[in-house]
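I opened my notebook to look up a few things in this structure. Here are my entries, in the order I made them.

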Amino acid sequence: ESAFHGKPADGPVPPDFTVFYSLPDAPRLEDPFQRDWGSPPEDVEEAMKEAYLFGFDLPCYRVNTFQEKIRGTMKNKADREEEEEDAEARAKQATREMIATRNCCVQVRLPDLDPHLASLKQFALEVSDECLRLNFPMLPRSQKSAYGNLSIWWPLPFNAADARADWDPKADILTVCLPTQNAATEEVNAFDPALLNAVF
């Protein structure tokens with residue numbers, strides 16, 4: 001499933017956005033839209049050395065199930081499905097380790113808001129542990145909204161209770177940041193399967 005859902009092509013166009021993950025003590029990232037993110041990290045160890053990670057470079061978005069199927073063409077269906085599930089599980093675990101303790105930051109550019117109306121009345125922001133939703137109501141005395149609605153789904157449950165939002169009226173940019181770990185993910189990360197095997 002895609003991390004991004006917007007309006008169909010015949011409706012209002014969703015705004016431009018970018019997603020990145022920063023270490024807690026990393027300085028403010030200037031203009032992530034223009035940043036050259038380079039190649040995705042090859043593994044968790046390489047990712048740990050980076051102060052910022054581009055949102056769609058995470059392993060969970062780069063699982064190439066087509067290649068898994070090509071390599072498994074001589075296997076039966078059950079073996080191929082198991083191989084694909086294993087690849088997805090490894091990608092999800094690598095993603096969890098790469099973004100652990102980081103902050104997820106989303107920036108949305110909104111230059112086409114009506115300058116005659118208060119900017120904050122032209123969109124509604126919702127942030128949950130599962131996703132971010134940005135809705136654009138119909139403008140007064142108009143038959144359209146400024147943009148198509150935007151939904152960005154997190155790769156894992158995040159901590160929306162500590163989310164922060166900032167609106168820059170000069171740059172027309174909305175910034176939302178939230179921790180990637182909540183109580184549920186911390187419990188999962190603290191779970192030691194080796195210890196369970198030792199006990200039982």
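I began with a definition: buried means under 20% relative accessible area, exposed means over 50%, and partly exposed lies in between (1.4 Å probe, protein chains only). The model is predicted, so I noted that local features need pLDDT of at least 70, that side-chain atom pairs count only at pLDDT 80 or more, and that totals for chains, interfaces and linings use all residues. Residues are numbered from 1 along each chain as its sequence is written, and side-chain values use heavy atoms, with hydrogens and water left out.

**Entry: the salt bridge**

How many salt bridges does a search of the whole structure find? I got 1. The term asks for a side-chain nitrogen of Lys or Arg within 4 Å of a carboxyl oxygen of Asp or Glu. The partners are Arg-109 and Asp-16, with their closest N and O atoms 3.8 Å apart. Arg-109 is in strand S4 (residues 103–109), while Asp-16 is in the loop between strand S1 (4–6) and S2, so the pair ties together parts 93 residues apart in sequence. Strands (E, at least two residues) and helices (H or I, at least four) are DSSP runs, numbered from the N terminus. Arg-109 has 29% relative accessible area and is partly exposed. Asp-16, at 48%, is also partly exposed.

**Entry: Thr-18**

Next I looked up Thr-18, which sits in strand S2 (residues 17–22). Is Thr-18 buried or exposed? Its relative accessibility is 6%, so Thr-18 counts as buried. I then listed its contacts (heavy atoms within 4.5 Å). Beyond neighbours within four places in sequence, Thr-18 touches Pro-32, Phe-33, Phe-54, Cys-105, Val-106 and Gln-107.

**Entry: the sheet**

I traced an open sheet of 5 strands, in the order S3-S2-S4-S9-S8, with antiparallel pairing. Strands S3 (52–54) and S8 (164–168) are at the edges with a single partner strand each, so one side of each has no neighbour in the sheet. From one strand to the next, the twist averages 20°. That angle uses axes, which are lines fitted to C-alpha atoms (for helices over the stretch in contact), and runs from 0 to 180 degrees between N-to-C directions. Two strands pair if DSSP finds at least two bridges between them. S8 and strand S9 (residues 173–179) run antiparallel and are joined by 5 bridges. Ala-165 stands opposite Val-176 in S9.

**Entry: Gly-38**

Where is Gly-38? I found Gly-38 in the loop between S2 and helix H1 (44–48). Its relative accessible area is 47%, so Gly-38 is partly exposed. Gly-38 and Leu-53 are 15 residues apart along the chain, and their C-alpha atoms are separated by 10.0 Å.
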